Amino acid sequence: MFTKKTFSHKLTPLALSVATAFSGQVFAQDNDANIEVIKVTADFRNQELLTLPASATIIDAKQIEDEGNQHFEDVLNSIANFNWSGGSSRPRYFQIRGVGEQEDYQGAPNSSVGYVIDDIDLSGLGMVSSMYDLQQVEVLRGPQGTRYGANALAGLIYLKSNDPEAEREHGAEVSFGDDNLRTFSGYSTGAINKSETLLYRATIQQHDQDGFRDNTYLGRSDTNKRDEFTGRIKLRWLATDDLTADLTVLHADFDNGYDAWTLDNNGFKTNTDQPGVDNQKTTGTSLKLNYTGFEKFNLTSITSYASTDHQHAYDGDWANPDYWASRNCGTAEAPEACEYDYLWDKKGDRRTISQEFRFSSNENGRIFADSTDWLVGVYAMNLKEDNDLYSEYNTWPDEVMQSKYNATNYAVFAQLDSNLGNGYNLSTGLRLERRNSEYSDTNGDAFKPSESMWGGHIALSKKLSNQHSTYVRVARGYKAGGFNMSLPAELADKKEFDTEILYNYEIGLKSFWLNNDLSTNLSVFYMDRQDQQVSASQQDPEKPQRFILFTENAGSSKNYGAELDAKWQATDNLEFYASIGYLEATYGDYIYKDKYGSPVDLSGRELAHSPKFTNSLGTTYRADNGIFVNLHTSGKSKFFYSDSNDSQSKGYQILNARVGYEADGWGVYLWGRNLFDKKYGVRGFYFGNEPDLGWADKQYIRYGDPRSVGVTANIKF
């Protein structure tokens, strides 16, 4: 945690005309010295980020620790062209390059952005993502059609925790701050047996916080609380010289509140009588076996299982009986007290199990005159989810439904990586996937869709020198079609929607400058979305407490843009890092109908949660005498909150700081987040929710966390 990195290299000048490059963070040294590299563990072959022919960002443990990031939510703004939807207590719905979900109030799981923690697939769940004792965060942009298939149309988020080590080491960390923040963390690693063939690593964290909301009606400050426990055990068994087994067991229990909305948009003083909850309890395990004893190939087996119970509930009227009784729902001549009391509650039970086998060539198994590495594999996953939805309007049951969903995916995949000579490399991949699913609910809807899909990639890369490389990549991704439930008769034609296909065209350049102390990574992309899936909603004019939610295809759309990441080790003590994203993400031809049946044309409008600009700039200074300073600012331009209306956020910029003192094995820090107390929106709705106003449409905004300050101390021994 307290190591300093020193860079001393020779500069190789090169005139570059390629105006493209790749997003990530890489470190290298000259040919006469050891090379420090970062590997992409989500890739089939754990390829070095420097040579990966794709756009990826890796945030390593040093940046996570320097910034004092506690949760994945704290890391999000460091990733170019990345956004999230704040409709939950912690980020669960993500958008990469303008593609992704904003919510999932009902229906079958069908994610556009993959989310994996140590080979445990939690796509569509997110949330349980502590940053403590993490090796790195990996974000792969663009469709991952070869590696991950249907759940990674837009890209993949992969969280890799630290592995067990033979040398015994322990650590602990405590944090205290305003908003009644208390965080206690610890880890331990070492060898279990004398021969050091069985290693362990155990990590725990308990995070508590009131949640920055004061409920003035109940007189409480914890109705939006965060009560989050994460525990992880990893075992590594070096069974033989040829066989290694890695077992991960993860348990997370997030018992959070959800009381984030206000009728007057003040943001932080709520008035509800039935504060909501946002709970997720996940137990997952993965077993990865690597066998290298065959003559020409290696065998990798990955088995994973995850069990998740989740609940999301909220007070839909955002107030209380006394408030509504004081409002006039009659006329000036004949006043009448309002009656409005609404509760929405959804419980879910999800189980996933998956198995992957892949065979990859070793040095003896290369084909085509020893020029090409090959890989083939098979994959199967079963996902089951039962949901129990209950809502109550003015003491009467409103929407009540129990549903069951079962989906099984089968896939075969292959990849070839060829050295063409003269610094050229060609990577090609193909994945064939079959999904069989079944859905039924107590409202009488039943579906059994099945479909076959395919995706893949072709990428040509060129090493221009030891300091510069470039690539061109074309990838095809897919997202399964599906169905909509509980639709009224007038929307009967929207019962089902088609598969979405995404073609991603990308060129990139990765460079080192200034004696390799400065790395720059630039990517330029163009995305062609066909049969784009759009989440639509209509407020029921006859029952304004209800919303009709459905997904439909919106024809084609085009997204394009660029990402630039840079990292500069200015001196032995001073480091700068930055990311900039530019995105143009718009609809093709898309017309929807509002709640009164009037057509609304969104053709050419920007997609929801797709800010045109994202930025992040940080610096870390470590003095030889132990003084530590980190400053980090990030922000984004305005964006539309929804695909069903034109309400927008405002652009914002926030500043975080962390200063402290570090000694041999311990450190103490004073930190502040959002130091200028910027008020910024992370989710918005535009609908009628006030009967005294005649249910007139109005914009409501949920805001991000205000300024917070605290102190952290840690120790290693």
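1. Start with the surface: V174, F176, F184, I627, V659, Y661, W666, V668, L670, V711, I715 and F717 make up a nonpolar patch there, with about 1000 Å² of accessible area together. The biggest giver is β38, with 3 residues. Bear in mind throughout that this is a predicted model.

2. Take V174 as one member of that patch. V174 sits in strand β9, and its relative accessible area of 31% makes it partly exposed. Patch residues need over 30%, so V174 qualifies at 31%.

3. Now the charged pairs. How many salt bridges does the structure hold? The count is 45. In general, side chains of opposite charge can pair when their charged atoms come close.

4. One to look at is D398 with R546, whose side chains meet in a salt bridge at 2.9 Å, N to O. This pair ties together distant parts of the chain, 148 residues apart: D398 belongs to strand β20 (residues 396–421), while R546 lies in the loop between β29 (533–539) and β30 (547–553). Are the two partners buried or partly exposed? D398 counts as buried, at 14% relative accessibility, whereas R546 is partly exposed at 24%.

5. E584 and K612 form another salt bridge, with 3.2 Å between the closest N and O atoms. Here too the pair links distant parts of the chain, 28 residues apart, with E584 in strand β32 (residues 574–587) and K612 in the loop between β34 (599–601) and β35 (613–622). E584 is buried at 14% relative accessibility; K612 is partly exposed, with a relative accessible area of 25%.

6. For K698 and E690, the closest N and O atoms of the salt bridge are 3.0 Å apart. K698 is partly exposed at 27% relative accessibility, but E690 is buried at 6%. Have a look at the network as well: D60, K62, D66, K567, E575, R622 and E662 are joined into one by salt bridges that share partners.

7. Last, a sheet. An open one of 3 strands runs in the order β2-β3-β4, with antiparallel pairing. Its edge strands, each pairing on one side only, are β2 (82–85) and β4 (99–100). Strand β3 (residues 93–96) pairs with β4 over 2 bridges, in the antiparallel sense. Across from V99 in β4 you will find I96.

Conventions: Residues are numbered from 1 along each chain as its sequence is written. This is a predicted model: local features need pLDDT of at least 70, side-chain atom pairs count only at pLDDT 80 or more; totals for chains, interfaces and linings use all residues. Side-chain values use heavy atoms; hydrogens and water are left out. Two strands pair if DSSP finds at least two bridges between them. Helices (H or I, at least four residues) and strands (E, at least two) are DSSP runs, numbered from the N terminus. Patches are made of residues with over 30% relative accessible area and no salt bridge: like charges are joined within 9 Å, nonpolar side chains (Val, Leu, Ile, Met, Phe, Trp, Tyr) within 5 Å. Accessible areas come from the Shrake-Rupley method with a 1.4 Å probe; for residues, only the protein chains shown count as cover. A salt bridge is a side-chain nitrogen of Lys or Arg within 4 Å of a carboxyl oxygen of Asp or Glu. Buried means under 20% relative accessible area, exposed over 50%, partly exposed in between (1.4 Å probe, protein chains only).
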